[in-house]
Amino acid sequence: MRALMVAACVVLALLGTARAADRLDPEPRVAVISAYEPEWVALKAAVSDARSHHVNGVEIITGTLAGRKVVLFLSGISMVNAAMTSQLVLDRFDVTAIVVSGIAGGVDPALRVGDVVVAGRWGQYLEAVFAREADGRFQPPPWIKTPYPNHGMIFPMDVGVRSARGAEKRFWFEADAGMLAAAGKIGAVDLKRCAADDACLRHAPRLVVGGNGVSGQAFVDNAAFRQYVSATFQAQVLDMESAAIAMVAYANGVPFIAFRSLSDLAGGGEGANELRTFFRLASDNAAAVVQRFLALWTPPR
């Protein structure tokens with residue numbers, strides 16, 4: 001028995017040494033994640049004492065942002081990229097919390113382009129059954145639980161996740177309560193109203209804290225689906241990454257929050273989709289709020 005205990009201790013020590021050897025930086029840092037190249041331009045420019053690392057083709061920058069030690073990187077667009085690169089950075093750095101900064105589509109009719117939304121929880125709306133049609137109705141297999149109303153053949157369902165808590169199924173992944181409370185104390189922020197090409201909003205963008213966000217592997221520009229997402233999930237905003245990052249954060253026990261500024265209304269706006277016009281404005285607005293948040297919030301360690 002003693003020999004087995006000694007052997008186990010040796011194995012654990014070796015594993016600890018291996019993990020330490022894999023670390024690219026020993027400093028505890030807040031991970032600041034964007035998905036799309038324009039989203040991190042303002043953040044990257046604001047990092048001081050910047051040092052660049054490269055892992056599997058991913059550029060990772062360490063430094064200081066708004067007085068906080070950060071590790072900044074692009075996750076890549078959509079759910080798989082977001083989950084893969086987030087886990088890669090968690091494995092290589094001492095990440096104390098995760099902050100997402102980027103653009104999104106607005107779902108809540110009360111929100112407008114340029115607004116920054118900090119959702120209290122995130123779900124994966126395209127974790128779903130695509131049901132067969134019979135006798136004019138879409139019907140999923142009876143042995144699959146579909147807790148949400150369908151949109152045509154699409155029946156959303158819970159996602160499976162494994163962590164130290166065990167295996168479970170859930171739809172919602174919560175933003176960290178302390179981080180959300182700090183976001184609620186940011187107050188008024190001077191957000192941009194005009195894009196670089198002088199295309200200006202007719203309203204002053206605002207910060208909205210709380211509510212629901214959803215993510216999936218689709219760029220949504222459809223008024224009917226937008227209405228469905230709003231009614232079914234009481235969602236304020238939808239994007240293509242945040243719920244995947246929230247799930248990775250949950251599985252690793254790392255505090256998480258996401259700041260998303262609306263570049264378009266996911267098919268609810270008048271005329272053509274406005275992302276190409278306002279994505280830089282929205283990216284800058286999200287980055288401005290993130291920097292205010294980092295200056296205000298106290299990290300866990």
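## A disulfide, salt bridges and a covered strand

At 38% relative accessibility, Cys 194 counts as partly exposed, a class that lies between buried (under 20% relative accessible area) and exposed (over 50%), as judged with a 1.4 Å probe on protein chains only. Its partner in a disulfide, Cys 200, is likewise partly exposed, at 40% relative accessibility. The model described here is predicted, so local features need pLDDT of at least 70 and side-chain atom pairs count only at pLDDT 80 or more, while totals for chains, interfaces and linings use all residues. Residues are numbered from 1 along each chain as its sequence is written, and side-chain values use heavy atoms, with hydrogens and water left out.

The structure holds 1 disulfide, a term that stands for a pair of cysteine sulfur atoms within 2.5 Å. In the bond between Cys 194 and Cys 200 the sulfur atoms are 1.8 Å apart. The torsion about this S-S bond is about 110°, and the disulfide is therefore right-handed.

**The chain as a whole**

The secondary structure of the protein chain comes to 7 helices and 18 strands, where helices (H or I, at least four residues) and strands (E, at least two) are DSSP runs numbered from the N terminus. The chain is as compact as a globular protein of its length, because its radius of gyration of 21 Å is close to the 19 Å that the globule rule gives for 301 residues; the radius is taken over C-alpha atoms, and the rule is 2.2 Å times the number of residues to the power 0.38. Along its principal axes, the C-alpha trace spans about 70 × 55 × 35 Å. Of the 301 residues, 50% count as buried. Among contacts (heavy atoms within 4.5 Å) between residues at least 6 apart in sequence, 76% join residues at least 24 apart.

**Salt bridges**

Side chains of opposite charge can pair when their charged atoms come close. A search of the whole structure finds 8 salt bridges, each being a side-chain nitrogen of Lys or Arg within 4 Å of a carboxyl oxygen of Asp or Glu. One of them joins Asp 25 to Arg 29, with the closest N and O atoms 2.9 Å apart.

Another salt bridge links Arg 206 with Asp 115, the closest N and O atoms being 3.9 Å apart. Arg 206 lies in the loop between α4 (177–183) and β15 (207–209), and Asp 115 in the loop between β5 (93–106) and β6 (116–118), so this pair ties together parts that are 91 residues apart in sequence.

Arg 260 and Glu 241 form a further salt bridge, whose closest N and O atoms are 3.0 Å apart. Because Arg 260 lies in strand β18 (residues 256–264) and Glu 241 in the loop between β17 (235–239) and α6 (242–252), the pair ties together parts that are 19 residues apart in sequence. These two residues belong to a network of salt bridges that links Glu 39, Asp 239, Glu 241 and Arg 260.

The table gives the accessibility of residues in these pairs.

| Residue | Relative accessible area | Class |
|---|---|---|
| Asp 25 | 8% | buried |
| Arg 29 | 8% | buried |
| Arg 206 | 39% | partly exposed |
| Asp 115 | 1% | buried |
| Arg 260 | 1% | buried |
| Glu 241 | 5% | buried |

**Strand β18 and its partners**

The strand that holds Arg 260 is mostly covered, since 9 of the 9 residues of β18 are buried. Strands are taken to pair if DSSP finds at least two bridges between them; β5 and β18 run parallel and are joined by 8 bridges, with Val 99 standing opposite Ile 257 in β18. With β6, in turn, β18 pairs in the antiparallel sense over 2 bridges, and here Val 116 stands opposite Ser 261 in β18.

**The surroundings of Arg 170**

Arg 170 is found in strand β13 (residues 166–170). When residues up to four places away in sequence are not counted, Arg 170 touches Asp 158, Val 159, Val 161 and Tyr 250. Gly 123 is 47 residues apart from Arg 170 in sequence, and the two are 8.7 Å apart in space, C-alpha to C-alpha.

The side chains of Arg 170 and Glu 168 are joined by a polar contact of 3.3 Å, that is, a pair of N or O atoms within 3.5 Å, of which, within protein, one must be able to donate a hydrogen and the other to accept it, residues adjacent in sequence counting only if both atoms are side-chain atoms. The side chain of Arg 170 also reaches the backbone oxygen of Trp 172, at 2.9 Å.
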